[in-house]
Amino acid sequence: MRTRMSTYTILFLGDVVGKPGRTIVQQGLPSLLNTYRPLFTIINGENSAGGVGITPDIADELFKVGADAITLGNHAFNKREIGPYLETKKPIVRPSNMASAVPGRGLVVVEKEGVRLAVMNVCGRVGMDPVYGDPFAEVDTLLSGLDTPHRFLDFHAEATSEKIAMGWHCDGRATAVVGTHTHVTTADERLLPGSTAYITDVGMCGPRDSVLGMDREIILNRFRTALPQRFEVANEPGVICGVAIGVEKDTGRATGIERLRFGD
């Protein structure tokens with residue numbers, strides 16, 4: 001995505017799944033940075049530690065490779081040691097619509113070249129664990145407290161309908177609403193009428209020949225037998241899925257959104 005001097009690019013990479021996901025991000029992100037020249041790079045890291053959760057070491061690894069901010073999701077706290085890390089000043093966000101006593105925060109502002117980008121993370125409720133508050137009301141609260149028009153929302157949700165509804169709910173009030181969690185890239189990227197960039201799901205950064213990042217034989221056996229199985233991340237080469245979003249510097253309005261895939 002080519003940008004004019006008055007615009008910049010946000011590069012967002014979908015859910016990083018296990019070691020194959022981390023490896024392909026380490027290998028491929030430098031090339032993507034060279035191609036898209038993003039001002040901000042955001043990575044969803046909620047599946048980066050063995051397929052569920054994230055650890056402080058892995059978060060630091062993602063920052064080192066080029067992330068300006070990390071978003072999470074429903075597996076944010078699967079690794080117990082991440083709690084204190086979320087209380088630091090690192091630009092990492094867990095779902096904002098969790099109980100107030102939960103460590104961490106759901107919004108962080110990162111700044112470069114005079115642009116202040118608010119990065120927000122919210123979980124959906126349809127088909128998810130019943131621990132999340134109303135995501136629509138939470139987003140309203142987050143947006144109402146911002147003094148920057150540059151606003152990026154990672155909506156981590158299961159239901160396509162809920163994600164699409166969130167896109168319309170934020171249209172004209174957010175720079176971008178991107179869906180994560182289901183690990184399969186959707187082909188509905190678009191600019192909504194209010195110049196909000198939207199896609200239902202960005203996809204994952206993880207093993208290509210898998211079932212949503214998990215070992216396909218284990219998943220097939222689960223479906224064939226209906227017996228409990230211990231899920232394991234597939235030991236297969238990784239692929240990067242993400243989006244590049246063009247943004248007007250003065251207004252925070254999106255100018256375009258492009259799907260990207262690297263590693264095939």
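## Worked exercises: two residues and two helix pairs

Lys79 sits in the loop between β4 (69–71) and α3 (82–86). Keep in mind that this is a predicted model.

**Exercise 1.** Work out which class Lys79 falls into, buried, partly exposed or exposed, and list its contacts beyond its neighbours within four places in sequence.

*Solution.* Start with the relative accessible area of Lys79, which is 25%. Buried means under 20% and exposed means over 50%, with partly exposed in between. Lys79 is therefore partly exposed. Next, look past the neighbours within four places in sequence: Lys79 is in contact with Ala49, Val52, Gly53, Ile54 and Thr55. For a distance check, take Ile218, which is 139 residues apart from Lys79 along the chain. The C-alpha atoms of that pair are separated by 23 Å.

**Exercise 2.** Find His181, classify its burial and pick out the side chain with which its own side chain makes a polar contact.

*Solution.* First, go to the loop between β9 (176–180) and β10 (190–191), where His181 lies. Its relative accessible area is 15%, and the cut-off for buried is under 20%, so His181 counts as buried. Now for the polar contact: the side chain of His181 pairs with the side chain of Asn74 at 3.3 Å. Finally, set aside the neighbours within four places in sequence, and the contacts of His181 are Asp15, Glu46, Asn74, Met128, His156, Ala157, Glu158 and Asp201.

**Exercise 3.** Describe how helix α1 (residues 18–36) and helix α2 (residues 56–65) run relative to each other, and say what sort of residues meet there.

*Solution.* Take the angle to begin with: the axes cross at roughly 20 degrees and come within 10 Å. Angles under 35 degrees count as roughly parallel, so α1 is roughly parallel to α2. The crossing is right-handed. On the α1 side you'll find Arg22, Val25, Gln26, Leu29 and Leu33, meeting Ile58, Glu61, Leu62 and Val65 in α2. Sorted by type, the contact residues give six nonpolar, one polar and two charged.

Terms used:
Residues numbered from 1 in each chain as written. Predicted model: local features only at pLDDT ≥ 70, side-chain atom pairs only at ≥ 80, totals over all residues. Heavy atoms only, no water. Axes fitted to C-alpha atoms, helices over the stretch in contact; angles between N-to-C directions. Helix = DSSP H or I, 4+ residues; strand = E, 2+ residues; numbered from the N terminus. Parallel < 35°, antiparallel > 145°, perpendicular 65-115°, else oblique. Left-handed = near helix turned anticlockwise from the far one by under 90°. Contact = heavy atoms within 4.5 Å. Nonpolar A, V, L, I, M, F, W, Y, C, P; charged D, E, K, R; others polar. Buried < 20%, exposed > 50% of the residue type's maximum accessible area, 1.4 Å probe, protein only. Polar contact = N/O pair within 3.5 Å; in protein donor to acceptor, adjacent residues only side chain to side chain.
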